Amino acid sequence: MNHLPLTQSAFGGFELSVEERSFLWQQALTHSINGLVGLIAVRHDDNPQGQIINFRYLFANNTAIKDTLGSKNGITDLTGHLLTDFFPAIKETKLWEAYINVVETGEACRVEQNYRIDDREIWVIQSAAPFGHDGLMLSYTDSSDLHQTARRLARQTTLLNGVLNSSPNAIVVFEAVRNTQQEIINFQISLTNRQFEKLIDQGNMHFMGLMLTDIYPIKPERIEQLKQRLSAEESIHLEEYVAVLEQWLSITLTPLNDGFVATIQNITASKQMHQQLKSTVQELHRSNKSLEQYAYVASHDLQEPLRKIVSFGDMLHSQHAHELNESASDLIRRMQTAADRMRSLVQDLLAFSRLSGNSKKFKPVDMNQLVSAVIDDLELTIQEQNAHIITDQLPTVQGDASLLRQLVQNLLSNALKFQKPNSDHTSSLPQVVISGRIVTNAELPPEIIASSTTTTDRQFAVLTIGDNGIGFDERYLDRIFTIFQRLHGRLVYKGTGMGLAICKKVVDIHGGYITAKSQEGQGSTFQVYLPSV
């Protein structure tokens, strides 16, 4: 294609006059966004061969005038002024040497210079070219914004790298790699942090630009699944054992633009600990099951010899009483009493070993109905002792009704049994108050909050059973819930010391907590925390 001469138009031979062309050039120069300045060299003593001592303005466009004059009043044109009138220190910069070199050699140059005006740092890219005799044409662009942007980006990059490298997790950024049909065929590493390099531990290996398939063997179908999940902007979390690293890794993939960010955590230690804990729990379950079986068998097998001892004692007492003196009869009575006590201990131990429950089978239990049923069961004892039982409205809890019935029956029986004797050694009239309510998380005992088997999002109820009995010293609070532990002699209060141990086991099965408040001679108040509906 032939270029048209400047004086000829592409439209029907239309031509611009010299004045029009001059006007167009003048407009272009005047309104250019770049600064344009024409200077003429000023030589010593106006000698054409003399040393250049300054430059005088021949012209300047609007941008140059604005940049040079700024807010100075009284001056609107630079023509005729000396360069040092506005830039008195320019002779001490490399620009001065560049200007003189352009005039003396006739060779254009390009210079980048920075300086400060007030509190602002200015960066300028300047081109200097000769024109005419001793003339100098300057064209410059203010690149301050570009430099500030570059510095800001550099600071942000440094900050980002600092944040990435301070992370305890390995982080790697992947960008999608596409084929000519713009289909994703792989992912390429564009950024890694120090922890990732430490995790991989491949010496001086450079990861930038490596493909996902270069560092991790992944099948095409998994690449396809990855593409689909990421296109749906879904985060992906997985735990995998990486054989080449001999480590378990927790990996989270988060979509980012056309790729994703992989956050990787080494969970080998926690996995090993979890496996060890799992093995320990399984071993404990086996041990507990063996102990329960042992307790059952031992309890069951012990009962038969005890029955024979009692039976033979009865036969001696009934068939040979006339042959026995008082001392021998007393020994037989003591033997039978001991055998009866042993049988009670064995039966309680058997009952304790059979206690078990499955939280998945727990159902809502109306404690009003359950307590009423227990009171009916103990009706004769209550009537014999002229006891007064007061019950408030009780909440519904989540649990095993049969186990909870044992819990309430043991607590109520203890409240009726451990009563203060009067002066004539008869029991005082018992009074038992049973109440309950839903409690807030703030009211829960620390033992429930700290328990790994319960969570504070669950709602709890507290069942309170208070009596006016003999009470106990709270120093022995932990002891009273231990198997076969008694605070009082058998001659004063009958029992085997199993009741409260059974209560504690029932509460533990339900993921609750049991405690008590008491003073000697002032009665006791037992508090039972159970999951509510």
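Glutamate 233, with a positive phi near 55°, follows helix α8. The model is predicted: local features need pLDDT of at least 70 and side-chain atom pairs count only at pLDDT 80 or more, while totals for chains, interfaces and linings use all residues. Residues are numbered from 1 along each chain as its sequence is written, and side-chain values use heavy atoms, with hydrogens and water left out.

Helices (H or I, at least four residues) and strands (E, at least two) are DSSP runs, numbered from the N terminus. α8 covers residues 220-231, twelve residues, and spans 17 Å from first to last C-alpha, close to the expected 16 Å (1.5 Å times one less than the number of residues). Its buried residues (under 20% relative accessible area, 1.4 Å probe, protein chains only) are Ile223, Leu226 and Leu230. They lie on the same side of α8 because they cover an arc of only 60° around the axis, taken from the directions from the axis to the C-beta atoms. Gln228 and Ser231, on the other side, are exposed (over 50%).

The buried residues of α8 pack (heavy atoms within 4.5 Å) against these elements:

| Element | Residues |
|---|---|
| β7 | 184-192 |
| α7 | 212-215 |
| β8 | 236-242 |
| β9 | 247-256 |
| β10 | 259-266 |

The axes of α11 (residues 367-377) and α13 (residues 401-417) come within 10 Å and cross at roughly 55°; axes are lines fitted to C-alpha atoms over the stretch in contact, with angles from 0 to 180 degrees between N-to-C directions. α11 and α13 are therefore oblique to each other, as angles under 35 degrees count as roughly parallel, over 145 as roughly antiparallel, 65 to 115 as roughly perpendicular and the rest as oblique. Residues in contact include Leu370 and Val374 in α11, and Leu404 and Val408 in α13.
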